[in-house]
Amino acid sequence: MIQKLPVQERRIVYKHVDEEGYTNDIECYLKNGGYEVMKKAYQAQPEDLRQEVLNSGLKGRGGAGFPTGMKWKFVDHKSGKPIYLICNADESEPGTFKDRQLIYQDPHQLIEGMMISAFANNCAQAFIYIRGEFINGARILENAIEEARAKNFLGDDVLGSGYSCEITVCRGAGAYICGEETGLIESLEGKRGYPRVKPPYFPAVLGLYQCPTIVNNVETLCQVKHVIDMGGDEFAKIGVKGDSGTHIWGVSGHVQRPGYYEIEAGACTFGDLLHDFCGGPLPGRQFKALIPGGSSTKVLKWGEKFKVKHPNDGQEYEWGVEDIPLDAISIGLCGTFLGTGGSIVMDDSTDMLEALANLNAFYGHESCGQCTPCREGSLWLEKLSGRMTSGKARPEDVPLLKDIADQVAGRTICAHGEAVAWPVQSAVPKFQDEYLDKISKQASGQRYNPAGYPLI
Amino acid sequence: MDLSEQTLEKIEKTIAKFPKKRSAMLPILHLIQEEKGYLDPEAEEWVAAKLEVTPIQVREVVTFYPMYRQKPIGKVHVKVCRTLSCALVGAYKVCEKLEEELKCKRGETSADGKYTIEFVECIADCGKGPVVQVDDKMYELIKPEKAGELAEEIKRMAEAGPEAVATAQPGTPGFKG
């Protein structure tokens, strides 16, 4: 089912990213056909637009991959309360840097996507919650909003349709947890970003100010523009069954050409991505491990084999890491997730215990502290792996790592518990031989793998 | 608390953009921090009165979010990304080199008050790692061997007179986001 042709990017939302002469002002956007889709959309009925998005099979691009059309369908339209749309621009998952380009280089595409989505869902107001570190990104968006307002693409009586909607930018302040949709909502209400308990606080019913709320990722909202442009059924033809459209693969770490590549779902494999697009491993190195879609997705190890029966064609395959097709279904069959498409590549110079300690330090720092298993577990993992990498490891620490992680996942309000646990749960069985080998050698007090950079 | 006319005006505009006043909390704290450099108890009380919440409701926000500061920082704020993608290509070495060159430890402000170095979590520019954010500007592909060059540039930023910093515009050195 994999076409072995020279693989090419299929740029839809990234069409103008890094294009020479393309600027982020409205004149440039209009010159390139900007806001035409929105004009067309505002002639349609909102429920028809929602149906197109449902038909498209578009899945959320923020990492969880929940179908966007379903998310919209759950919105309570009968409560009489205002409905809010929030764009989640809190891009914070380590390894993920796809939304940055959209915000900095093509902000009007996002605004157009948002105004279509807001109209489709009868939203009273829209917000962009952008991570605090995107200082200039927030300014770019605010400028773009003023430009769009001047041309009546947002604000009062948009395009003479009778529909009015504002977009308000709110900058976060460095908390990863505010990327979790209910944590984001709390933050947007001016509080600590503590995720809410679901049920009852499903955003579609009880979101911002206890009103029905839609939270969609930046890329998702940009994709909506293209869904409406080409029609849901046409969009569904791109990609594979169960995963339509394109994915932006942001590759970082040990490759020749790190960067972002927009590729049709299922059109090629990890091998194509890492060799053809990214130029393969660094000179003299070999790939060792891959975190496929943001740091919390489960790690893959070169040499592993995945025996799968593919639901789309009923065929059985035996894949190595490089054979896995780049679509959510195939990646899911290999026990991990497509996530945000932020792939972190590690070669044979990497000390895998240090890599794990690095991630544990991240999750320890970012736990909001609300649920005991996550608050205590993430810090325990951080301290434990920190101690193990500083030369004071005991062999029994290796199973202890996994034991702690096993007691965090599934016991927390939000998915941060899983994000803490998955890297450990996946890495320990796959790399424990290396950990134990390191432990037996490190008594000499030297770094185990001096070829690579220190990671902790 | 004395805030500039400009900041006060921005605060009023910000509050008007949200359906509920309290939602303006994070943006307003940013605005005050941009002018004052940090958030002290007086600022917390002022914001509480402004947004009609209790001071503790402001304090809990200030203490939760890593970007809010309760103490002044150095003239130039250096944030080095430490998370895995950047670490794999040398971020720890970059941070060490900057610490050495600027005579300032991570998490601290140099004795001469010129620099604050922070070792921060992922700032979403992983494909161009290692990345260092200096005030509101991103420096990409700062390999350990290029860290010395960046340190020189940071030193030049610190040499700018106090007027230059006080009047720094967004996107220019000296501006604190």
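Predicted model: local features only at pLDDT ≥ 70, side-chain atom pairs only at ≥ 80, totals over all residues.
Chain A is built from 17 helices and 13 strands. Along the principal axes, its C-alpha atoms occupy a box of roughly 75 × 50 × 45 Å. The radius of gyration of chain A is 22 Å, and this agrees with a compact globule, because a globule of 456 residues would have a value near 23 Å. Of the 456 residues of chain A, 57% count as buried. The contacts within chain A can also be sorted by separation in sequence. Among those between residues at least 6 apart, 72% join residues that are at least 24 apart.

Chain B is described here by its domains. The domain assignment gives two entries for chain B: domain 1 covers 5–64, and domain 2 covers 76–166. A distance of 28 Å separates the C-alpha centres of domain 1 and domain 2 of chain B.

The two chains meet in a contact to which chain A brings 52 residues and chain B brings 40 residues. On the side of chain A that touches chain B, at least two residues each come from helix 7 (135–150), helix 8 (181–188) and helix 14 (352–366) of chain A, and also from strand 3 (166–171), strand 7 (246–253), strand 8 (259–264) and strand 13 (342–347) of chain A. Helix 14 of chain A gives the most to this side, with six residues. Sorted by class, the side of chain A that touches chain B holds 22 polar, 20 nonpolar and 10 charged residues.

How values were computed. Residues numbered from 1 in each chain as written. Chains lettered and ligands numbered in written order. Domains from an automatic or database assignment. Contact = placed C-beta atoms within 7 Å. Helix = DSSP H or I, 4+ residues; strand = E, 2+ residues; numbered from the N terminus. Nonpolar A, V, L, I, M, F, W, Y, C, P; charged D, E, K, R; others polar. Rg over C-alpha atoms; globule rule 2.2 N^0.38 Å. Buried ≥ 20, exposed ≤ 12 C-beta atoms within 10 Å, placed from the backbone.
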